[in-house]
Amino acid sequence: MKRILFSMLLIGLIAFTANLILNGPAQTNTSEGTGVFSGYLSSEPSNLDPARGVDVNEASVQAKIFDGLVRYDESMKLVGSLAESWSVNSDGKEYLFKLHQNVFFHNGQKLTADDVVFSLDRVLAPEVASPRSWVLEKVEGAQERMKGETTRVAGIRKVDDFTVSIKLSSPFAPFMSLLTMPACYVLPHKSAEAIKDKSFFEKPAGTGPFKIVERVRDSYVRLASYQGYAGPKPRLAEIELRIIPENMKAEMEFESGNLDLLQLYPSNYERFRSDPHHSKRIHDIPAMNVFYVGFNNQKAPFDDVRVRKALNMLIDREKIINAVYQGRAVAANGSIPPGILGFSKDAKGYGYNPVEGKKLLKEAGYDKSRPLTFDIYQKSAQAAFEITRLIQGELKKHGVVVNLKPMEWSALKDSINKGEAPAFYLSWFGDYPDGENFLYPLFHSNNWGSGGNRARFKSEEIDNMIEEAVKIQDPDLRAQAYDRINRRVYDQAPWLYLWHCSESYLTSSDVSNIDFSPLFFCDKALTLSVKH
Amino acid sequence: MLEFTLRRITGTIPVLLGILFVAFTVLYLIPGNPALTVAGPRADQETIDRISKEMGLDKPVHARFFSYASRVCQGNLGESVVSGKPVLESIAEKFPYTIKLALIAMLFSVVIGVITGIIGAVTNGRWLDRLCTFFSVTGISIPVFLSGLIFLYVFAVKLRWFPTSGFRGGDSLWPFILPAFTLGIRSAAFLARIVRSSLIEVLNQDFIRTARAKGLKPMRILLRHGLVNALIPVVTVIGLDLSSYLNGSVIVETIFDLPGIGRFAMDAILKRDYPVIQGVVLFGAFIFIMVNLFIDLLYAYINPKIRDEMMRKSEK
């Protein structure tokens, strides 16, 4: 019997060895043909339903497959996408969109106003339970639709086959920006059944410049340019997006010539910058973000504005920026990042002012005999520790004791949203380039907790100012209003404001014409070209 | 034998039910709300509540457990809350990658482990034995993520003998070689230790001495009489390793880009995709139990003494 066992084992071994030898090495050429761009995503874009996605990786695939009514181009200019033209009525409540008449979905269906109405209504439909329903919550009848009281949202209607009207319940100037978001991408209404049972999203048919030709989950997505695309034709034949969760693995793939693009982090930036072969192909792009340590403004010790201001003065931001980001970040003197409508250009921040900071702390009742002590909740990740340990060290120099509480991401969000965390290290990445995106969710009292106002900041004055500012249609006047709010909030120091940092990418020598914008994740890859 | 088989199979049912309960409870107890992951960073409480309701998280825990258990009994592991895809379908898609990886890793493990073990036993105490011991201890001590990255860097990036990833393996097994080697080398090191000690023990027994006295060729004594008898404990180790490999290796599958069960599980954990996590845990436990059942039955088949002993124990 033992002999049989041994023989079975041996036969098994021989069979496998034979298979290896016969099959030989696989052809692993990742970019056959010409014009194939090899990129990667850090996680599987499991959900390609624009109404349901909240993930950057998913958005970057969706942006190439689908189109919305409007989009931001490579220079961050708002341009028509499915809409040929649009107008806003005088009270700023009704938007009229004229659609292009020769747009076809990848499955051959012609785009009409019905598709737009169907797709936008779907975002509000209770059975879809879209996490992005807030994008269209200003539309007339949205609340009733979300509660299931109506079967169609009243404010979105087809005027004729190629005209759509969207009516808002109150004027909301950033609305056009919201329409650029993936949630507002248009799906073919004739595929409603497949959309409902989700089978549509295996290989979704949009109107975008690329269509999915192959998809192996957790491995790669291959997109081919869509010949029938109505807009400017993409220069690439194909895009291959591999799923590579590990940065180190992505680095190896890039160095082996298997990737055309690599995102750089503080941990590997210097290595590539000091290499003359790579340094000239590094792109530092200002991103739409703000990093901060949020305080729970409703709980002691952070219910005292003096404590909050003092902490803002006790941190030497420039020193940390130089140490961690090698200068690729700017100190945040407000929540709105540079380049975004409403950025406070000449705002003087708290700066590094330990004398004044300590004085304020003393006034609030904290000194050497009674040191200010608090916990910073943070993600249990190396990148977060790199920052929080420096903050901890900076504050320790001035007698402030900080304990770091690392937590798993989902648990961290939960405890912050419930108001349990006294202080927390977080960042906010904007969805669209309008100051409203850095004010309303973050500081309006309607949005306490999960809505974005995790600091539980509450000011009736600020609430009113935000509500008024979003009604201003003129961009310059609206920018001024945002600027005023940004400064006023900053003055209340609801956060320990840190910085706005750039994102860095390295491209291979084969890549040309890559346009990076702060909305890189929504890029349609229209101008991108590669040699191979 | 039939009675023994039936008893062992019936015995696995309570174990599976227990695992079902544990998999459900543990996920219920860990902090974090899956609705928050689906809702994203800017969803108000109303939206989160709506999503929770859609995901059935608003129902009491016992109701959720019973509805889950009854679905599982019907062979339905539910749908991913992120992609909406049936969990069983996804597992079926990913399992072939994991099987290939597991079997090739076993191949490396057995070939390298047994050969090294034999060399160690035959050269007991000499420099070659010490070299083999050094290899075993190193293999056991180096964590897989480190050896994986080193192999990847040396053999794929620098020497370019292997592809850097197995993402487009097709039917070829070539892209699986390096990850399987990484995975297999660790259990090869374990096996080498076991084969060595068990072979040394066998080689010191009387029947080997008799065989030598009869003038049999040393190679025949070693393989035919020594190794075959020393292989019994090795089968146990192989069984255990195989079942853990079939559950997917998160680290190796991540480093080498293989879309198997391990990566699927990791992705689900990060996204708090409860049905997927539960499905993968249950599937893993099922595989583990089945492989062990197979090994038990194989033992009983090979050695009737074991069968009788087990039957006596269960009758008591």
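A: Happy to! In this predicted model, the centres of domain 1 of chain B and domain 2 of chain B, taken over C-alpha atoms, lie 32 Å apart. Their bounds, 2-73 for domain 1 and 94-315 for domain 2, come from an automatic or database domain assignment. Domain 1 of chain B brings 21 residues to the contact and domain 2 of chain B brings 20, with contact meaning heavy atoms within 4.5 Å.

Being a predicted model, it asks for pLDDT of at least 70 for local features and 80 or more for side-chain atom pairs, while totals for chains, interfaces and linings use all residues. Residues are numbered from 1 along each chain as its sequence is written, chains are lettered from A and ligands numbered from 1 in the order written, and side-chain values use heavy atoms, without hydrogens and water.

Together the two domains of chain B bury about 2000 Å², 74% of it on carbon and sulfur atoms; buried area is the accessible area (1.4 Å probe) lost by two parts on being put together, summed over both.

One salt bridge crosses this interface, joining the side chains of B:Asp296 and B:Arg8 at 2.5 Å, N to O (a side-chain nitrogen of Lys or Arg within 4 Å of a carboxyl oxygen of Asp or Glu).

On the domain 1 side, helix 1 (2-29), helix 2 (34-39) and helix 4 (61-73) of chain B each supply at least two of the touching residues; helices are DSSP runs (H or I, at least four residues), numbered from the N terminus. Helix 1 of chain B gives the largest share, 14 residues.
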